[in-house]
Amino acid sequence: MAIPSVRRSNHQTSSSKEPEKSNFLPLGTKRIAAWVAEITLVVTSGLIPFGMGVYANSRSDLDRVPLNPVLVVTERAIAQPLALPISYGTRNVAWPTNFLWTVALLAPLTVSGWQLYLLAKTGSTIPKRWFGVRVVNDKGAPPGFAAVLVREGIGRWTVPMSVAYLVWRYSFLFPNLSAFTGLIALLWLAEGMGLPSKHEPRRALHDRLAGTYTIDANRPFTPPVLPSSDRASLTQDSEQAIALEYVDRLNLWGRMRQNPSLPLFGVALLSMVAVLGTLVATQVYIQTQETKREADQGKRQQFLALEKQLIPNSTATDEERRSAILAMGTLNNPQAMEFLVSLLAKETNPILLDTIQQALVNIGPEAIPDLKRMNQFLAGEINTNSNSPQDGEMRQTKLHINQRAINKILAVYSSRINSLDLSRTQLGQSSTGNSSNFNLVLNNVDLSGINFKFANLNSASFKSSRFRGAGEDGRWDTYDDSIADLSGAQIKQANLTDANLSRVLMIGTDLRRATLNRANLSNARLVGAKLGSAQLVGADLRGAVLENASLTGADLGEAKLNEANLYAASLSRVIAIGTQLSFANLTKTNWQGSDLSGAYLDRANLSDANLSATRLTGAILRSAQMSNTNLRNADLSLADLRGANLTGADFQGAILAPSKQDPADQFVQTPAMGAQSAVVQGVDFTQVKNLDPKQLAYICTQGGIHPRCP
């Protein structure tokens, strides 16, 4: 006997009367099209405000503010599981960008929530209505919120994405994001196709988990039919009820309703396992703590015995004291470390001082916190005005001894110091002018992950040292990269030649007169840093953030600053011969009196920049954004201005006509573009300010564009 169809709701009846253009499409095609449309709506709702924010951020006339902390947290939450590099520290953006990017974050969540609400209450989202697709439960009614959360949250997203992530993360595919995207697409396809069943048509996994059915909205819904062997002895009155009971057996919720003892049994079993596990773990913890207490008690007794030989009134010989110091360095006891650090600041015997340093080096990085506290205490004592010259010199000597101990530990244990906190530590030369000043030397040492915030590292030597490591996964540019923090540190006159400072935080760092030749500073954050008179010859600063930084008098010859952000940076009297600044953000920068001969400034943003009295001989300025740029008295001879936007640029006194080249300037090369007339050929000078007759004549004769040209 045939099973009667379940009556459709009024919503279904009314919707079936509406003409559907997609009736001719198969249900599977319509399901895919509706789902793609839903995803497109969500993605578009975020991309539009995000793109508007990017545009607003490129404007030079908008005030800059720190990036919204919510956006920073979101960026980190996304970057960590996807093994993407994280941008730490502050980031300044245009004020509308903060609002627009926050909208870009909230809009997709709002659209997704609205679609889930419609799906739960009506069984269709707007795209599903377009394509005539509907989701119902086993009664033919809208599924409700619980079923929708299981269907979309667990079945549609959590299961396929979790499986794809685990396969990607723990296979050779990591950290290739394209491979991860491909895995997600394959698992979404497999999940959507579902598994075949002998009792009912193929159903997607998310529908099976939630007990829902995806149907054609223009056709009546019929529950699955019982197998013929199960319907042999049914009467007409009971057949429909049993059919609906069979439908319940086909989904997760139905099975739980029919067998309430199964969930209870599972909960009871898990509770028993949890209780037993807690008892075992408690016993293990108690035994471990007892063993630890016994070991600590033994170390304390050894410490007390050794301390008696090292107190001031001890009768022990120097050799016995040396043996006691070395033995104390092997105890790995907090009291012993604190005692040795204190003894280092009191002892005057040079032989014993060397022994104490040796003992502290044997202890390793664990002694650094106590050494840091003593370092800060001694530095504070030196800075007080109550010291007599003799006391000041004595404390300075003690500080140098402390600094040497820290230096030795950092040099010996470079592979174990990536989480040390040396913030506000005095490790550089003092300003007293003492000829015995300590010099920190950490050449070719791994210093990644160390916190050097507000530390004094003046005149230190870090040649070829690394301030950034690959992290536990051994892969660069992933979320667990070990990156040092040098924000606010004093690193004046330090030697950082060939050092790796990529992505390192140096916000407000003082690097005046430092040597950074050939250093890797790519993507470093140097917001507000002081780099006056620094040597950056051949340095890699690609993608670095130098907003409001001061580079007055610095040497940037042959440096790479492609795509760097130097918004409002001070670059007066800079030597930037042959420097690469392509695509860099140079808005509101001050280059007054600088030498940019042969520099590559193609497609750079020089809006509102001050290039007065600069030398731009042979510079490449193709397609550069130079609106409202101050070019007064600048030397633009042989510069390539093709495609540049010169709206509002001030050319008063600027030199356009190429003069005879000085034989000494071998670095200045005539642009490889044929005749010199190509320098301004096709360049629009219509809205340029303060052109004199000589400049205008040159522009007109060399192919430039101006209303007064004949």
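First, some housekeeping. This is a predicted model, where local features need pLDDT of at least 70, side-chain atom pairs count only at pLDDT 80 or more, and totals for chains, interfaces and linings use all residues. Residues are numbered from 1 along each chain as its sequence is written, and side-chain values use heavy atoms, with hydrogens and water left out.

Let's start with the overview. The protein chain has 17 helices and 6 strands; these are DSSP runs numbered from the N terminus, H or I of at least four residues for helices and E of at least two for strands. Of its 710 residues, 47% count as buried. Here buried means under 20% relative accessible area, exposed means over 50%, and partly exposed is in between, with a 1.4 Å probe and protein chains only. Among contacts with a separation of 6 or more, 44% join residues 24 or more positions apart, a contact being heavy atoms within 4.5 Å.

Now to helix 14, residues 350-363. How far apart are its end C-alpha atoms? They are 20 Å apart, which agrees with the 20 Å that 14 residues should span at 1.5 Å a residue; the expected span is 1.5 Å times one less than the number of residues.

What sits at the two ends? Asparagine 349 caps the N-terminal end, with a side-chain oxygen 3.0 Å from the backbone nitrogen of isoleucine 351. After the helix comes glycine 364, with a positive phi near 90 degrees.

The buried residues of helix 14 include Leu353, Gln357, Leu360 and Val361. Those four also meet helix 16, where the partners are Ile401, Arg404, Ala405, Lys408, Ile409 and Val412. By class, the residues of this contact divide into 7 nonpolar, 1 polar and 2 charged.

The axes are lines fitted to C-alpha atoms, for helices over the stretch in contact, and angles run from 0 to 180 degrees between N-to-C directions. Helix 16 is one of the elements that cover the buried residues of helix 14, and the cover also includes helix 12 (318-328), helix 13 (334-346) and helix 15 (368-383).

For contrast in the talk, here is helix 2, residues 27-57. Its 31 residues reach 45 Å from first C-alpha to last, close to the 45 Å expected. Its buried residues include Trp35, Glu38 and Pro49.

Finally, the loop between strand 6 (482-483) and helix 17 (693-701), which holds asparagine 500. Is asparagine 500 buried or exposed? At a relative accessible area of 16%, asparagine 500 is buried. A polar atom of its side chain lies 3.1 Å from the backbone nitrogen of serine 502. Leaving out residues up to four places away in sequence, asparagine 500 touches Ser465, Arg466, Phe467, Arg468, Trp476 and Asn520.

Serine 533 is in that loop too, with a positive phi of about 60 degrees although it is not a glycine. Serine 533 is partly exposed, at 38%. Glutamate 563, also in the loop between strand 6 and helix 17, has a positive phi near 60 degrees and counts as exposed at 58% relative accessibility.

How values were computed:
Nonpolar A, V, L, I, M, F, W, Y, C, P; charged D, E, K, R; others polar. Polar contact = N/O pair within 3.5 Å; in protein donor to acceptor, adjacent residues only side chain to side chain.
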